[in-house]
Amino acid sequence: MADGMRFSEMFYILVALLSLTLLAHANTSADSPSHDYILHEKRSFIPSGWSLVRRQQSAALIPLKFGLKQSNLDRLEEFLNDVSHPDSRNYGNHWTQAKIAETFAPSNHSINAARKWLTNEGFDASRIRLSSSKSWLQVNATVGEAERLLKTKYHVYEHRDGTQHIACLDYHLPAGVASHVEIVTPSIHFDVMVKRRGPSSLSAKNIGHPGVGITPKTTGVIDNIAFDLRNCDQVITPICLRALYGLVYEPLSAHKNSFGIVEYTPQAYVQSDLDKFHSNFSSALVGKQPKLVSIDGGIVQTIQGGFDYNGEANLDLQYAMNLVNLVGSKQEVTLYQVGDIPLGASFNNLIDALDGTYCTFEDGDDPTQDPIYPDDYPNGYQGPANCGTVKPANVISTSYGYNEADLSPFYAARQCAEYGKLGLMGVTVLFSSGDNGVAGNSDLCLEDDGSQTEEGPIFNPSFPSSCPYVTSVGATQVNPGATVTERESACEEVIASGGGFSNYFAMPMYQKNALDNYFRDHRPTYSGDIWNSTGNSRAYPDIAANGANYAVVVDGRYTRLFGTSAAAPVVGAILTMINDARITVGKKPIGFINPAIYSNSFSDAFNDITSGKNSGCGTDGYSAVPGWDPVTGLGTPSFPKLVARWLLLP
């Protein structure tokens with residue numbers, strides 16, 4: 001097999017599905033089943049691990065769904081660059097939710113064209129259902145009806161883990177309909193989750209449960225804490241972080257600014273732990289609580305405690321609250337607590353609440369992955385699901401994440417598009433990049449067939465970090481024996497900074513120059529069989545911050561924590577203070593930052609990290625090198641330089 005061929009084939013097929021911009025072939029041929037039908041999509045091979053079992057029975061029922069062309073969705077990156085790139089005349093002119101809904105809704109012309117075709121083909125109007133978002137038409141058809149309608153044949157395929165799936169090798173649409181339809185399901189796509197063969201598989205709704213996703217690691221209780229810059233190589237405190245990144249700033253427009261930290265039930269902070277931390281590092285915050293915004297019954301639960309339930313939230317809030325309040329307690333931190341105790345929550349529950357158009361976008365959330373409210377369980381949240389009820393903060397930091405392979409490509413694509421829309425609204429969305437280097441959570445890697453195991457040889461990317469519309473944050477460390485004035489390295493102590501190349505998403509334009517330079521000067525020498533070596537995929541992380549040796553109060557005692565989940569809220573606090581500076585002089589928040597930070601205008605605004613690796617999957621992973629790299633991204637933030645650059649922008 002040629003270097004990179006396996007990933008190249010898989011990558012381009014997934015991009016065709018995920019970008020939802022696959023156009024019908026414009027030309028008919030002698031092989032077309034009918035003179036006005038054209039080939040819409042075709043699969044060139046069956047994915048590894050799957051085998052054909054039989055023809056599907058003609059009388060079997062399938063939910064045949066037609067995804068209608070979303071107006072302008074193929075221009076999402078263009079729209080984002082228009083309001084986010086420092087060279088754009090529209091920089092900072094963020095959109096309203098109403099404009100977003102109007103811009104991306106399918107046209108009535110597309111709906112009517114597809115509906116008329118179905119009725120002309122013999123489907124009674126009562127059988128045709130239009131989704132509430134107007135994005136999908138569905139008919140419950142027999143396989144025989146579907147084969148006649150699409151000029152195709154359906155077969156049953158089986159994965160080696162026993163999962164079965166119905167698919168065809170190609171399908172056709174009338175020329176007058178093809179331009180209105182993005183995708184038909186089920187059809188050629190193997191958009192199916194295969195089972196893990198390592199630790200037990202949990203659905204997206206379990207992201208807040210102990211041991212699921214990205215969680216901080218601990219080496220135990222800290223006996224001695226230094227409340228100055230001594231020993232920052234052994235214990236990180238807010239004082240160390242301020243010195244590392246030059247964050248000496250007291251907010252001036254706190255009442256106009258907002259910073260959101262996301263937690264998923266049953267994760268919860270403990271007020272007495274916050275107070276003990278603040279008594280040492282920011283006495284004005286003692287007794288201060290984050291502003292609680294409950295989503296789908298989210299509560300700060302006190303039933304279960306200890307590191308597994310309080311470590312993440314305590315870490316996030318102790319440092320977030322301190323770093324945005326140098327002296328006093330002016331800048332409020334909003335806590336988005338998502339999900340009730342019986343059901344929990346997924347990322348989709350959060351963004352449903354932030355943007356009402358998402359609740360029904362592309363037929364809404366997936367009940368197999370996302371909790372659906374109201375919850376009828378005892379003590380469950382019995383109110384209506386939160387849909388567009390929460391105003392997004394200017395900066396939202398999330399210290400949780402999945403393996404890209406945990407989620408189907410379609411599920412990931414739907415959510416990724418929403419992060420882009422939040423960016424259009426002027427929201428900065430941060431995600432931690434993962435703590436297992438090139439391996440996924442739980443140290444899982446990929447097998448040839450797409451399954452995840454502890455012994456797999458293939459690098460396993462993280463999501464949402466692999467989405468091109470979020471800012472992914474990796475981790476660094478102060479090297480043993482070093483001071484805060486010396487350059488950090490990639491974090492390799494206890495954790496390894498997550499980073500790599502997506503198998504789902506294409507490279508955004510803002511990364512092109514950085515990746516061209518990386519592949520020209522530092523191209524990894526691994527076989528293309530174990531990583532996405534195409535050079536055309538989304539790469540992450542984008543930036544990094546310290547993620548080692550954090551002093552965090554848990555259960556009343558200082559505990560040493562490690563993780564990119566520590567780095568994300570630190571970056572969030574820095575960006576929140578940059579927003580404060582801009583708001584103070586009458587400018588708008590920075591919004592989606594990636595086009596700016598990758599631009600020439602910001603080329604010297606980060607501390608380049610050039611040492612360390614992110615091992616995983618039986619390899620040393622990638623190396624931190626001069627310029628952007630898939631370990632620490634562009635480097636760590638320099639607050640004075642960043643605030644100066646952003647204050648120069650409109």
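Residues are numbered from 1 along each chain as its sequence is written. In this predicted model, local features require pLDDT of at least 70 and side-chain atom pairs pLDDT 80 or more, whereas totals for chains, interfaces and linings use all residues.

The secondary structure of the protein chain comprises 15 helices and 28 strands, both being DSSP runs numbered from the N terminus (helices, H or I, at least four residues; strands, E, at least two). The C-alpha atoms occupy a box of roughly 75 × 50 × 50 Å along the principal axes. Of the 650 residues, 62% are buried (under 20% relative accessible area, 1.4 Å probe, protein chains only).

Helix α2 (residues 76–84) packs against helix α11 (residues 409–424) at an angle of about 25°, with the axes 9 Å apart; axes are lines fitted to C-alpha atoms over the stretch in contact, and angles run from 0 to 180 degrees between N-to-C directions. The two helices α2 and α11 are therefore roughly parallel (angles under 35 degrees). The contact (heavy atoms within 4.5 Å) involves Leu 76, Phe 79, Leu 80 and Val 83 of α2 and Ala 417, Gly 420, Lys 421, Gly 423 and Leu 424 of α11.

Note on methods. Side-chain values use heavy atoms; hydrogens and water are left out. Angles under 35 degrees count as roughly parallel, over 145 as roughly antiparallel, 65 to 115 as roughly perpendicular and the rest as oblique. Buried means under 20% relative accessible area, exposed over 50%, partly exposed in between (1.4 Å probe, protein chains only).
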